[in-house]
Amino acid sequence: MTRRIDVPRDLKDFAEVFKAAGYSCYFVGGAVRDRLLGLSASDWDAATDARPEDVKKLFKSVIPTGIQHGTVTVHWRGGSIETTTFRVDGEYKDGRRPVSVCFTSDLLEDLSRRDFTINGMAVDPATGEIVDPNGGLEDLAAGLIKAIGDPVARFEEDGLRPLRAVRFAARFGFSIDPATLAAIPATVERFRLVSAERIRDEFTRILVSSRAGEGLLRLDEAGLLTEFLPELTACKDVGQGGPHCYDVFRHQVAACEAAPADLVLRLAALLHDIGKPTKRTEAGDGSLTFYGHDLESARLAEKALRRLKYPNAIIDEVVTLVKHHMFDYAEDWTDAAVRRFVARVGIEHVKPLAILRLADTTGLGHGPADPRSVMPLIDRVEELRAKDQAFGIKDLAIRGNDLAAIGWPKGPSMGRALAELLEAVLDDPELNTREKLLEIAGHIKEKHGVR
Ligand code: ATP
Ligand code: MG
């Protein structure tokens, strides 16, 4: 494997600023690894022996983004470069964050506190030469994720590292070195101390990667998945019968992998059936049903995502998709059926639901689903929308005020009346005029004896 890489001009110039002031500056970690693999690198992280306060003096715009770890973000030629002072980590008391950070002027010390050998290399921007004190080049060539130093000790220091090992293994299709792999179950107590936010961030990166399925299976094999998503591993060995090739767990992993690399869609696909284990009923003839699993899955998904501290907007969207994932679009759906579907799920969810449905079908394990089975639904909704047809109460030609004007009392009965009017309009869009709706409202009023 090559011992040199090309460093982009702007980054060389960046490092020159340090040199001119008597400091050293290298690029380290992920970008070096990715360039050695022939992949493009977007985030070039710099490491220097200059202290953060010295870095501030060298550039016009320096933001103290992680000052407690010696990290600042330098704005440089339209981009930004995370710049960290060489450091050795102090003691990790709780398996989360080093209790203290000590700066050092030694690059090699800084490289050795990093997690894996392939992440512990630097490049000298002036020459393109690789600095590799931990055998990273060799492991990169062999396709190995190997902890720097004693893996048990390294995982005891920071319980997130096992999850990172799995993430990098899945991302590059690498294997995990046997001693490093064996340290994962040995240090699981430490993993349990890691904050939900840190787990969430690594997990998210696995989910949106191009090998999400492989990553999930490796997480499970390593015994990590059950630690933070027990609802999902509870689906293992839950058989489904019918057209399914897989148990509920494998089916969701397959659906997740089949979904586009978007966090909401991947989470929805991964969790859409997690309510199945508790809703599984075997009929007398041995056939299986899972009545109500959509709502149960939505409930469990919400619980799991809250625990993992996903933002509310993500949780709401995933839960909505899971809740409504059971629909079987067919060409013979009438326009009224299409309108009713949109009224039920909300127009903004139609497209993601269609995509989720495809991923779900692909997850049966019989090859990729035919997009023609559900995508025409999106076009039909668009056509109806282009005709200005109503899908919700807000699309009706009248409002509560109009009902009040004909003497309808304010209160819950007004909401029910609007819902009833919407029902009529979903059936027959021609009715959506002020005149006609007021007429129907009059009938409803009489029927219910509203005064
Ligand atoms: P990616 O391309 O996915 O961002 P990366 O290697 O840049 O990969 P980051 O999480 O951005 O990963 O971390 C940058 C570098 O910091 C890593 O390459 C590694 O050297 C070091 N590092 C990050 N997290 C840890 C950790 N928990 N323990 C030790 N070193 C770490
Ligand atoms: Mg990075």
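**Entry 1: the second largest pocket**

I looked up which helix gives the most to the lining of the second largest pocket, and found that it is α20, with four residues. Sorted by class, the lining holds 10 nonpolar, 11 polar and six charged residues.

For my own record, a pocket is an open set of points on a 1 Å grid over the protein atoms alone, where a 1.4 Å probe fits, with protein on both sides within 12 Å along at least five of seven lines, and lining residues have an atom within 4 Å of a point. A volume is the space filled by probe spheres set on the points, which are joined across faces, edges and corners. As to classes, Ala, Val, Leu, Ile, Met, Phe, Trp, Tyr, Cys and Pro count as nonpolar, Asp, Glu, Lys and Arg as charged, and the others, Gly among them, as polar.

I keep in mind that this is a predicted model, in which local features need pLDDT of at least 70 and side-chain atom pairs count only at pLDDT 80 or more, while totals for chains, interfaces and linings use all residues. Residues are numbered from 1 along each chain as its sequence is written, chains are lettered from A and ligands numbered from 1 in the order in which they are written, and side-chain values use heavy atoms, with hydrogens and water left out.

I then turned to the largest pocket, whose volume is about 1,700 Å³. I counted 48 residues in its lining, with D45, E82, R114, R164 and R205 nearest the centre, and the classes come to 12 nonpolar, 13 polar and 23 charged. The largest pocket lies between domain 1 (9-139) and domain 2 (143-228), because both give residues to its lining.

The domain assignment, whose bounds come from an automatic or database source, also lists domain 3 (235-389) and domain 4 (391-447). Between the centres of domain 2 and domain 3, taken over C-alpha atoms, I found 29 Å. Where these two domains meet, 19 residues of domain 2 are in contact with 16 residues of domain 3, contact meaning heavy atoms within 4.5 Å.

**Entry 2: two helix pairs**

I looked up how α11 (212-221) and α14 (248-258) pack, and the angle is about 145 degrees with the axes 8 Å apart. On the α11 side the contact is made by A212, G213, E214, L216, L217 and D220, and on the α14 side by F249, R250, V253, C256 and E257. These residues divide into six nonpolar, one polar and four charged.

Helix α19 (335-345) packs against α23 (412-427) at an angle of about 145 degrees, with axes 8 Å apart. Axes are lines fitted to C-alpha atoms over the stretch in contact, and angles run from 0 to 180 degrees between N-to-C directions. From α19, the residues A336, R339, R340 and A343 meet E423, V425, L426 and D427 of α23, which gives four nonpolar, no polar and four charged residues.

R344 is also found in α19; its C-alpha atom is separated by 8.7 Å from that of G392, 48 residues apart along the chain.

**Entry 3: single residues**

R77, in the loop between β4 (71-76) and β5 (79-85), has a positive phi of about 50 degrees. K309, in the loop between α17 and α18 (312-323), has a positive phi of about 65 degrees.

R77 counts as partly exposed at 48% relative accessibility, and K309 does so at 44%; buried means under 20% relative accessible area, exposed over 50%, and partly exposed in between, with a 1.4 Å probe and protein chains only.

Last, I looked at V28 in strand β1, which is buried at 2%. Leaving out residues up to four places away in sequence, V28 touches D45, A46, A47, L111, R114, M121 and A122.
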